[in-house]
Amino acid sequence: MLGTEIVHYLGRNMLAQDYYNQIGAKKDFEDPLYLEKIAPHISKDAKIVEYGCGYGRLLRLLKKSGYTHLVGFDFSKSMIDRGRRENPDIDLSVTENRKIPLKSESTDMVLISTILTSMIHKDDQKALIAEILRILKPGGILYLSDFLICDHPRYQEKYIQGQKQFGEWGIYTTSENLTVRHHTSRWILDLLSPFDLQWFEQFDFKTMNNNPARTIHCIGKKV
Ligand SMILES: C[S@@+](CC[C@H](N)C(=O)[O-])C[C@H]1O[C@@H](n2cnc3c(N)ncnc32)[C@H](O)[C@@H]1O
């Protein structure tokens with residue numbers, strides 16, 4: 001179980017929001033988007049929403065591939081400010097508390113890429129998935145990518161320390177003082193259990209700080 005003080009602190013998402021406002025907004029992200037896996041599911045004029053869109057890197061990629069109806073939300077004002085400068089033709093807004101200010105069943109695809117890693121509480125992740133299910137049309141898809149628990153030696157000591165501090169394997173605090181969670185593939189598939197799973201695959205990857213990592217990419221369809 002997470003300690004009460006830490007639950008209180010992280011529960012308000014202050015650490016991650018501060019990190020992305022002050023440090024993260026100056027970084028460039030790398031996790032890819034497998035466009036060829038998306039193409040069979042949606043048309044070019046489909047409404048696509050990215051939650052945790054950062055500075056709009058993946059929405060820009062979708063735009064370049066011909067998708068026209070793109071909307072991004074992020075809780076970091078610095079990220080959205082940068083996104084509006086770099087991608088003035090994409091609709092980007094700040095939102096908080098896992099709320100997506102859109103009508104129910106209004107969206108063809110939701111994208112969440114490397115955002116669950118900074119949502120330490122599993123209940124927060126479930127709440128986000130419920131919000132995504134609310135805005136997706138029946139037959140709409142969720143594309144999710146995130147970090148898995150990695151057996152590379154550099155993580156073992158971090159996971160051991162994290163287990164002492166947070167009581168769970170996979171949560172740790174980085175050298176930049178960002179507390180993150182790496183997931184089991186079982187947990188990601190549990191999160192996607194309300195969806196009809198269309199695809200999932202694991203990849204070796206390098207993080208924004210050039211560290212080795214393992215990621216999972218998946219697509220689920222709202223039934
Ligand atoms: C590693 S960045 C990835 C950005 C983008 N998805 C990409 O791949 O280029 C993670 C983003 O998620 C945002 N984020 C993290 N937790 C969030 C939350 N609870 N609500 C909204 N945005 C969040 C951060 O501000 C940051 O922009």
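Trainee: How does the radius of gyration of the chain compare with that of a compact globule?

Mentor: The radius of gyration is taken over C-alpha atoms, and the globule rule is 2.2 Å times the number of residues to the power 0.38. For 223 residues that rule gives a value near 17 Å, and the chain has 17 Å, which agrees. The C-alpha atoms fill a box of roughly 50 × 35 × 30 Å along the principal axes. Please keep in mind that this is a predicted model, in which local features need pLDDT of at least 70 and side-chain atom pairs count only at pLDDT 80 or more, while totals for chains, interfaces and linings use all residues. Residues are numbered from 1 along each chain as its sequence is written.

Trainee: Which residues touch the most other members of the largest nonpolar core?

Mentor: In soluble globular proteins, nonpolar side chains tend to be buried together. A nonpolar core here joins buried Ala, Val, Leu, Ile, Met, Phe, Trp, Tyr and Cys residues through C-beta atoms within 7 Å, and a residue is buried if 20 or more other C-beta atoms, placed from the backbone, lie within 10 Å of its own. The largest core has 43 residues, and V110, L142 and Y143 touch the most other members. Strand β5 (residues 136–148; a strand is a DSSP run of E, at least two residues) gives the largest share, 5 residues.

Trainee: What is L142 in contact with, beyond its neighbours within four places in sequence?

Mentor: Taking contact as C-beta atoms, placed from the backbone, within 7 Å, L142 reaches V110, I132, L136, F195 and G220. F195 in turn stands opposite K222 in β9.

Technical notes: Pairing = 2+ DSSP bridges. Helix = DSSP H or I, 4+ residues; strand = E, 2+ residues; numbered from the N terminus. Buried ≥ 20, exposed ≤ 12 C-beta atoms within 10 Å, placed from the backbone. Contact = placed C-beta atoms within 7 Å.
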